[in-house]
Amino acid sequence: MAQLDWSDLSFNYRKTNVIIVSRYKDGEWSEPVATQDFDLHLNAFAGVFHYANACFEGLKAFRGADGKVRIFRPDENAKRIRRSGSHLDMAVPSEEMFIRMVKQCVKGNIDYLPPYGYGASMYIRPILIGSNPQLGIASSTEVLFAVMCSPVGTYSGAKILTPATAVISRNYDRTAPNGTGAFKIAANYATSLHPYNLAHKLGYGELLFLDPATKTKIDEFGSSNFLAIKGNTYVTPLSDSVLPSITNKTLQSVAEDFGLKIEKRAVPVEELCEFDEINACGTAVVITPIRSIDDKLTLESETIERTITVPSGDECGKVSRRLYDRIRAIQDGREEDTHNWCYYLD
């Protein structure tokens, strides 16, 4: 393999040694195989190309300070992809199969797992896609499950915990009321691409979606969940159109360990002015602090109706920093994993 500069990794694709693949056909999964062929060979009429019969996951592996390799909470990702795939009425891998293939992928690409001390990790991307040829609108009867990975640094290439600016999306929705927002399916991300591109062209690092029914409550950021700190309380939206984030769930557990009160509830847009700290949270970065949020009637409008400045400003908030540090210390093996979140390679 080519020598990588571990200190200069961003969140971009880098080819590794192998991907792990299994196919579901005639009621059973094939034995997972490691292949160096990164081109998935599918019929042009496969359902994934026409009806977005696809869902995926994202998780990470870390090389710890003690030399051990830790995969963070793969059981939760296994449960979520099973839930997403089942919503598409496709066959889904068992939790045991999911974890076994994830471990197989990490082992097969171990040379690409960054050493401890660089703030880098191995990002693991399992996908579940409909593969049988079809014309009519229907769930796929044949399914391909593959696990791949890539070494990564920070999501945007910026330093960790660098505060970003955000803009509210009032004229675009990530998902529909009673839709698929609570599932990690590919179609949800396709609908967010255009408004996300608009936001980035305007210089914003994040895009904040509101609830699609009333546009009065916060849903989530384009890339990840919304969380805020208000005094001694951790606040995150409770909504049927929000993806249940494993990182958010982890942060809540750590917040409880620190004695914070957890509030999972509807969060009115007007409450943005009352928070001490605001963050986007997800697998790629754990936490992205938000320094300010612009409110426009449309993303295309040149007029900013108001700007909400977050008190934590140009620094990550103290509470958020403490939450981040605890999770990263567990992932790196610098602090005890009292919740048994980490899975170790043999």
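Start with Lys107. It is partly exposed, at 44% relative accessibility. Keep in mind that this is a predicted model.

Asp346 and Lys107 form a salt bridge, with 3.8 Å between the closest N and O atoms. That falls inside the cut-off, because a salt bridge needs the nitrogen within 4 Å of a carboxyl oxygen. Lys107 sits in helix α3 (residues 95-108) and Asp346 in the segment after β18 (342-344), so the bridge ties together parts 239 residues apart in sequence. Colour by accessibility here: Asp346 is exposed, with a relative accessible area of 82%.

Next, select Arg306 and Glu270. Their closest N and O atoms are 3.3 Å apart, in another salt bridge. This pair also links distant parts of the chain, 36 residues apart. Arg306 belongs to strand β17 (residues 306-309). Glu270 lies in the loop between β14 (261-265) and β15 (277-282). Check the surface: Arg306 is partly exposed, with a relative accessible area of 23%, while Glu270 is exposed at 51%.

Move on to Asp332 and Arg328. Are these two buried or exposed? Both Asp332 and Arg328 are buried. Their side chains meet in a salt bridge of 3.2 Å, N to O.

Finally, zoom out to the whole model. How many salt bridges are there? The count comes to 24.

Terms used
Residues are numbered from 1 along each chain as its sequence is written. This is a predicted model: local features need pLDDT of at least 70, side-chain atom pairs count only at pLDDT 80 or more; totals for chains, interfaces and linings use all residues. Side-chain values use heavy atoms; hydrogens and water are left out. Helices (H or I, at least four residues) and strands (E, at least two) are DSSP runs, numbered from the N terminus. Buried means under 20% relative accessible area, exposed over 50%, partly exposed in between (1.4 Å probe, protein chains only).
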